[in-house]
Amino acid sequence: MTMPHYALEVVLTRPVRPAELRAAAPSIPLAVNCEATRLMALCSGKTPQRAAHRLRGRLGTRLPIDVITSHYPDRSGQVLLNVVLPRGTQAILRQSAKQACRTPGQMMEQALNRTLTQHEIEEVDRLSSAVKRLLSGASPAHLLAAVGHVLARTPGAAPW
């Protein structure tokens, strides 16, 4: 039986040096971005979590790995996030999870969701302020026409 392969992205703490990349390459084929701060890899495993764990095991001592994520979301739209926390942080997380009658993974998911929600709120506020500043010097119709003009000429913009 063949195991499925998962596309995983590796975010590095610093740009990888060519010698480090050559040392890691026999272990698993890697694609590097132009800044050498992100890698792509295909790794086999029964689940994306096992594939990420396997990838970290193969590369963890050879490269300055910060985070491993699944490149594609799963069926429920979730992206795997594989992070190694310092031992002290792990102990605090386990203790907090036990007190809250949750797993450490649930606590991390809750904290991440809270942070992403806060970021989204701040981003909407920032964009709202920018639009208000633009509307102080232009009519809504002119602003909308200008936005449409820019989007129509921006590569990769939404086609609507």
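Helices (H or I, at least four residues) and strands (E, at least two) are DSSP runs, numbered from the N terminus.

I noted that this is a predicted model, where local features need pLDDT of at least 70, side-chain atom pairs count only at pLDDT 80 or more, and totals for chains, interfaces and linings use all residues. Residues are numbered from 1 along each chain as its sequence is written, and side-chain values use heavy atoms, with hydrogens and water left out.

Next I asked which residues of α2 are buried. I found Ala 51, Ala 52, Leu 55, Arg 56 and Leu 59. Seen down the axis of α2, these buried residues fall within an arc of 135° (taken from the directions from the helix axis to the C-beta atoms), so they line one face of the helix. On the other side of α2, I saw that Arg 50, His 53 and Gly 57 are exposed.

Then I turned to strand β4, residues 65–70, and found five of its six residues buried. Two strands pair if DSSP finds at least two bridges between them. Strand β1 (residues 5–12) runs antiparallel to β4, with five bridges joining them, and Val 11 stands opposite Val 67 in β4. Strand β5 (residues 81–83) is also antiparallel to β4, joined by three bridges; there, Thr 69 has Leu 81 as its bridge partner.

Terms used:
Buried means under 20% relative accessible area, exposed over 50%, partly exposed in between (1.4 Å probe, protein chains only).
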